[in-house]
Amino acid sequence: MNAHEIDYQIFGEEMQYVELELDPREAVIAEAGNFMMMDDGIRMDTIFGDGSKENEGFLGKVLGAGKRLLTGESLFMTIFSNEIQGKKRISFASPYPGKIIPIDLTRYGNKFICQKDAFLCAAKGVSVGIEFSKKLGRGFFGGEGFIMQKLEGDGMAFVHAGGTMARKELSPGEKLKIDTGCIIGFTQDINYDIEFVGGIKNTFFGGEGLFFATLTGPGTVYVQSLPFSRLANRIWQAAPQGGGKDKGEGSILGGIGDVISGDRRF
């Protein structure tokens, strides 16, 4: 595998970005849209797949890149290479409020499984693929956790968590129940399944969905407090509906309450 060895530093609190230091001929890969800034002397190229198998034939590259469509990602990725002498820096930003998590793949048996939209960037040589469910229940009811990404290699990778991140170490046989959207990722030894919430009242009035994700140890699990789907749903619910009228932010006075609170949109 022999991924490029890169140094990094994470900046910020709620809206973080990661700065990577590239030695000559070192490179990183990233999803489109995550780039923030870079020093002069770094070259950007768009490639099929992740570039982890440079000697692979054209058909193999096309097939590998095509699998990425199943996770909702582009056929292409972007590679940034330091082409000149001296150290150069490049930065990638969080797509929404949360935390950037560095993943040293050598600590997790050279493989880490994550949500399909969690991957931010990685050292060149890290393979970004897909992890299919092997169980029928997960396939039909797993929701956001059905098709996940797998990061393989011996380098550094960076994933993004929405809101606050929790890291759980599960002992053998220990089980953790999680909302499917709140999973960031987990190590390859974790057993991942779907469990019905149960109960008529829970099913119809619980408001938390019909299924839990159940993760059983041993292994490490990363959990996020604010999945992007939940954030987008809350924004949509709070947005003005029908003719631009908003919901009054919960005030029983409605529009009058907005004027009292200082909103002059009238």
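The model is predicted, so local features need pLDDT of at least 70 and side-chain atom pairs count only at pLDDT 80 or more, while totals for chains, interfaces and linings use all residues. Residues are numbered from 1 along each chain as its sequence is written, and side-chain values use heavy atoms, with hydrogens and water left out.

- Five of the five residues in β10 are buried, meaning under 20% relative accessible area with a 1.4 Å probe and protein chains only.
- β10 pairs with β3 (residues 27–30) in the antiparallel sense, over three bridges; two strands pair if DSSP finds at least two bridges between them.
- In that pairing, V28 sits opposite A123 of β10.
- β10 also pairs with β13 (residues 156–162), again antiparallel and over three bridges, and here F119 faces V159.

- Most residues other than glycine have a negative phi, and most peptide bonds are trans.
- R25 isn't a glycine, yet has a positive phi of about 70°; look for R25 in the loop between β2 (17–22) and β3.
- R25 is exposed, at 66% relative accessible area (exposed means over 50%).
- N110 also has a positive phi, near 65°, and lies in the loop between β8 (98–104) and β9 (111–114).
- N110 is partly exposed at 25%, that is, between the buried and exposed cut-offs.
- The peptide bond from G217 to P218 is cis, with omega near 15°, and P218 belongs to the loop between β18 (211–216) and β19 (219–224).

Methods:
Helix = DSSP H or I, 4+ residues; strand = E, 2+ residues; numbered from the N terminus.
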